[in-house]
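Visitor: Could you walk me through this one, starting with the overall build and then the details?
Guide: Gladly; here it is.

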Amino acid sequence: MNPMTGDPDQGESKPASAPSHSLRHAAGPYFGDYGGRWMPESLIAAMDELNETFEAAKADPEFIAQVKDLNKNYSGRPSLLTEAKRFSEAAGGVRVFLKREDLNHTGSHKINNVLGQALLAKRMGKTRIIAETGAGQHGVASATAAALMGLECVVYMGAEDTRRQALNVARMQLLGATVIPVTAGSQTLKDAINEALRDWVANVGTTHYLLGTAAGGHPFPAMVRYFHEVIGEEAREQIIAQAGRLPDAVAACIGGGSNAIGIFHGFLDDAEVELYGFEAGGDGIDTPRHAATITLGKPGVLHGAKSYLMQDDDGQTIESHSISAGLDYPGVGPEHAYLADIGRVHYEPITDTEAMDAFSLLCRTEGIIPAIESSHALAGVLKIAARKIAAGAVPEETIIIANLSGRGDKDVGTAAEWFNLIDSKAKDAK
Amino acid sequence: MSPVSKSGAAIAAARAEGRPALICYLPAGFPDVQGTIDAAVAMAENGADIIEVGIPYSDPVMDGSVIQDATVQSLAQGFKVAQVFDIIKGITSRCSATVMVMTYWNPVLRMGVDEFSRRLAEAGGAGLITPDLVPDEAAEWMEASDKYGLDRVFLVAPSSTEARMKATVAASRGFVYCVSVMGVTGARAEVSDAAAAVVAAAHAAGAENACVGLGVSQRKHVEEIGAYSDGVIVGTALVAALGDGGVDAVAKLTAELSGRAVSA
């Protein structure tokens, strides 16, 4: 079908452990009608090189051992699966378990992918990595991996975001990275990706583009998922060990969709496990200010892949909005578009208000400050629980896992503003 | 078997005069719709063989800041994709230049590849130059361009392998667009040495017409590149001229590039 991507037999090659009807380990370039490589010819050779390097690495025990070692001894994996008992009470008594990606080094799931891709960059002999970042999580993770492996690192970040996330800019700089504010377009994540792609075109000989989400042209969606599959594989083993069975539902937040595809992967072939992806509903999907790409978007191409996309009737990308910078992206990974179309995963919007209510609830019931991104998954859990109970499920026999994809330290400023904490403090001082 | 190529004919006519074809770019709706038409006509009257009208797009990853700024302005003024067809009609009603459209792929996909192609042909457009569509993903466009007799210009780059060069040349009609440098659009003082190698590789892969773009801004570039290629593509320098000095400046620069006296 696609003789020029350099991997004609990929569609057929699946690990022996997966049955032929399996949804796991889909190799790309296509996921149903989605995916592919809608990008400039100048970059195709680099994408081919990356794909060949990735395919060879996956089959190389030494590489697999390197990734395992870094995951265990650097990131701190496996991450815990914590039963959130007081949060569960607020969720009507269903049993809620949290997959604690917030406990990884650098504070989110992002580290899984950056370590893997930085290793591949070294294998390709590249000396420089570039990355895009919205809130700064992926930028910090990339700067971390670069420092660890002795690579030069340049991070593109919307100028608007560099002002909102000044501390994360400082973190990246402390780690030795150069942060370039992007003033083009809407000055947010999508424009940071555009600028990173422009850099990559000009410097592709020495530079690897360390894309932070399961989107982009082939092999990025399949590759980023591969490095995050560990989330779902651990969660599946842990829930069986702790609860004695598979969960009834798994919930994750979706921006580009990397944490979600990682945890879903472990359960895709377990038909009895319902999977839910929660998109950023912003001010509400009846307003123009949201990032509910699958809920309201239409198929199109952006940043190298065909997928759902927030676009106008002319095919111009619509600017997204979310209180969570990490979900503030008008596209979504192509594998999610496919899983939505076949009905395996349910995608729903969560508003800023719903997310912040769930954020507050987790802080006060569990002593865990979640990332605002992850709070969308927590708000989703409350909805799933209410529906299941209304449909007659016995609460204490219902198990839901939420992927707590990151910690909320970076969001304290936003949350303090949202809950008027700074104003009241100022008043108290008077 | 394949339709007659309008851009191929324009390049052949230039070749018959012993010179490379001059291909001039400007973005649709910049400085406004009428201004695009007027500037394009001025280009045609001053030596442009092919006019390349770019559709402004929200995420132009192959463009540098000059073209980005112009397209941002066009979109901010409310430019709609369908207006590109009015612009083509406006140009072709006033001069005989061949008009191509350069576009990122999503606006075409959104309108529908067949519908876009039908309207492009109906407006008198010669075909499409597609900076972010590679032949691997172009099945629908191959079909529509055959159906409506449109040229399809794909890009080749210094990084293109021999196999990809062959496949891309085979998929193209009219000419292949040789990217002179690994980078985005923008005027450069010198045109990269890589350009000659890309053109040679395209010719070796069977391209009848290999034209060079990216970084070309001066008459001396046209002469240098024209010595080994079939056409020279100028964008950023003309967009900057249009922004700074309006239609007169475009006429003057085009005349300079083509080595002629200015004609009003």
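Visitor: What radius of gyration does chain B have, and what would a compact globule have?
Guide: Chain B has 264 residues, for which a compact globule would have a radius of gyration near 18 Å, and the value for chain B is 16 Å, which agrees. The radius is taken over C-alpha atoms, and the globule rule is 2.2 Å times the number of residues to the power 0.38. This is a predicted model, in which local features need pLDDT of at least 70 and side-chain atom pairs count only at pLDDT 80 or more, while totals for chains, interfaces and linings use all residues. Residues are numbered from 1 along each chain as its sequence is written, and chains are lettered from A and ligands numbered from 1 in the order in which they are written.

Visitor: How much of chain B is buried?
Guide: Buried residues are 63% of the 264 in chain B, where buried means 20 or more other C-beta atoms within 10 Å of the residue's own, exposed means 12 or fewer, partly exposed is in between, and C-beta atoms are placed from the backbone.

Visitor: And how many helices and strands does chain B have?
Guide: Chain B has eleven helices and nine strands, taken as DSSP runs numbered from the N terminus (helices are H or I, at least four residues; strands are E, at least two).

Visitor: Switching topic, how many residues does each chain bring to the contact?
Guide: Chain B brings 34 residues and chain A brings 30, with two residues in contact if their C-beta atoms, placed from the backbone, lie within 7 Å.

Visitor: Which element gives the largest share on the chain B side?
Guide: That is α5(B), which supplies five residues of the side of chain B that touches chain A.

Visitor: Over in chain A, what is the strand order in the open sheet of four strands?
Guide: The order is β1-β2-β12-β11, with antiparallel pairing, and two strands pair if DSSP finds at least two bridges between them. The edge strands, each pairing on one side only, are β1 (30-31) and β11 (298-302) of chain A.

Visitor: Which residue stands opposite A:Phe31?
Guide: A:Tyr34 in β2(A) does, and β1(A) pairs with β2(A), residues 34-38, over two bridges in the antiparallel sense.

Visitor: Last one: what comes just after α9(A)?
Guide: There A:Gly244 takes a positive phi of about 80°.
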